[in-house]
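Here are some questions and answers for a reader who is meeting this structure for the first time. Please look through the sequence and the model before reading on.

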Amino acid sequence: DLESTKEISSIYSGTTGTEIINESIRPTPWLIPDGMRAVTIKVRDIDGICGKLQPGDRVDVILSCPLGIFSTQGGNVAPGTEGKVTEFHVVSKMLLQNVVVFATEKSAGTQASPDSPPKKITLLVSPDEALMLAATRDTTEKSKLRLILRKPSDRQIEKTPTVYLTDLLVGRRLSKRVFVYKGLRHEMVTFYK
């Protein structure tokens with residue numbers, strides 16, 4: 001009965017997730033499920049399918065960031081200690097999987113142009129996942145988050161390896177990485193197949 005749903009902005013189904021049925025009513029904190037948090041992140045216009053992400057979509061979140069391995073004199077790690085970069089990598093990791101898009105700039109009524117892809121997306125996450133997103137966004141602007149759109153019925157959580165750009169470029173397959181400790185000093189040693 002559409003007349004009785006005029007004051008409802010979204011509905012939830014266990015199979016399809018959250019679905020917006022009335023975009024004129026903006027998402028409110030009352031729509032956040034108990035135990036979940038709404039976190040807004042910046043996205044690129046190529047995330048999702050050509051930048052078209054909508055409330056109720058399910059996404060995976062990939063983190064890509066630079067990673068430097070440092071060596072210091074005598075293993076001293078106090079602030080201000082001089083050191084040198086011994087290794088530098090660009091790393092990508094599947095940070096979160098099967099996350100619900102709670103709102104977009106369009107659904108929240110804050111998008112400048114209704115035809116342009118959203119620059120911000122609000123995700124529904126657990127408190128621990130909110131901390132992970134905050135750590136990745138607040139530490140450096142060199143970290144990049146990418147949203148990968150999922151089929152609505154696909155709820156499978158996949159075990160994925162961390163990917164190092166150097167390994168892809170030289171065609172090596174990582175076997176393992178271990179830290180070797182010598183007194184107060186340590187270094188990461190990488191083994192390949």
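Q: Which residues are linked in a network of salt bridges?
A: In this predicted model, the count of salt bridges comes to two. One of them joins Arg 150 to Asp 60, with the closest N and O atoms 2.7 Å apart, and Arg 150 also forms a salt bridge with Asp 154, where the closest N and O atoms are 3.3 Å apart. The residues linked in the network are therefore Asp 60, Arg 150 and Asp 154.

Q: How many residues apart in sequence are the parts that the pair of Arg 150 and Asp 60 ties together?
A: Arg 150 forms a salt bridge with Asp 60. Arg 150 lies in the loop between strand S7 (144-149) and strand S8 (163-164), whereas Asp 60 lies in strand S4, so the parts tied together by this pair are apart in sequence by 90 residues.

Q: Is Arg 150 buried or exposed?
A: A residue counts as buried when its relative accessible area is under 20%. Arg 150 has a relative accessibility of 10%, and because this value falls under that cut-off, Arg 150 counts as buried.

Q: Which element gives the most to the nonpolar patch?
A: The nonpolar patch on the surface is formed by Phe 70, Val 85, Phe 88, Val 90, Val 163, Leu 165, Leu 168, Leu 169 and Val 170, which together have about 880 Å² of accessible area. The elements that give two or more residues to this patch are S5 and helix H2 (165-170). With four residues, the element that gives the most is H2.

Q: What volume does the largest pocket have?
A: The largest pocket is lined by 21 residues, of which Phe 70, Ser 71, Thr 72, His 186 and Glu 187 lie nearest its centre. Strand S4 (58-72), strand S5 (83-104), strand S9 (174-182) and strand S10 (185-192) each supply at least two residues of this lining, which by class has eight nonpolar, eight polar and five charged residues. The volume of the largest pocket is about 450 Å³.

Methods
Residues are numbered from 1 along each chain as its sequence is written. This is a predicted model: local features need pLDDT of at least 70, side-chain atom pairs count only at pLDDT 80 or more; totals for chains, interfaces and linings use all residues. Side-chain values use heavy atoms; hydrogens and water are left out. On a 1 Å grid over the protein atoms alone, a cavity is a set of points where a 1.4 Å probe fits but cannot get out, and a pocket is an open set with protein on both sides within 12 Å along at least five of seven lines; lining residues have an atom within 4 Å of a point. Grid points are joined across faces, edges and corners, and a volume is the space filled by probe spheres set on the points. Ala, Val, Leu, Ile, Met, Phe, Trp, Tyr, Cys and Pro count as nonpolar, Asp, Glu, Lys and Arg as charged, and the others, Gly among them, as polar. Patches are made of residues with over 30% relative accessible area and no salt bridge: like charges are joined within 9 Å, nonpolar side chains (Val, Leu, Ile, Met, Phe, Trp, Tyr) within 5 Å. Accessible areas come from the Shrake-Rupley method with a 1.4 Å probe; for residues, only the protein chains shown count as cover. A salt bridge is a side-chain nitrogen of Lys or Arg within 4 Å of a carboxyl oxygen of Asp or Glu. Buried means under 20% relative accessible area, exposed over 50%, partly exposed in between (1.4 Å probe, protein chains only).
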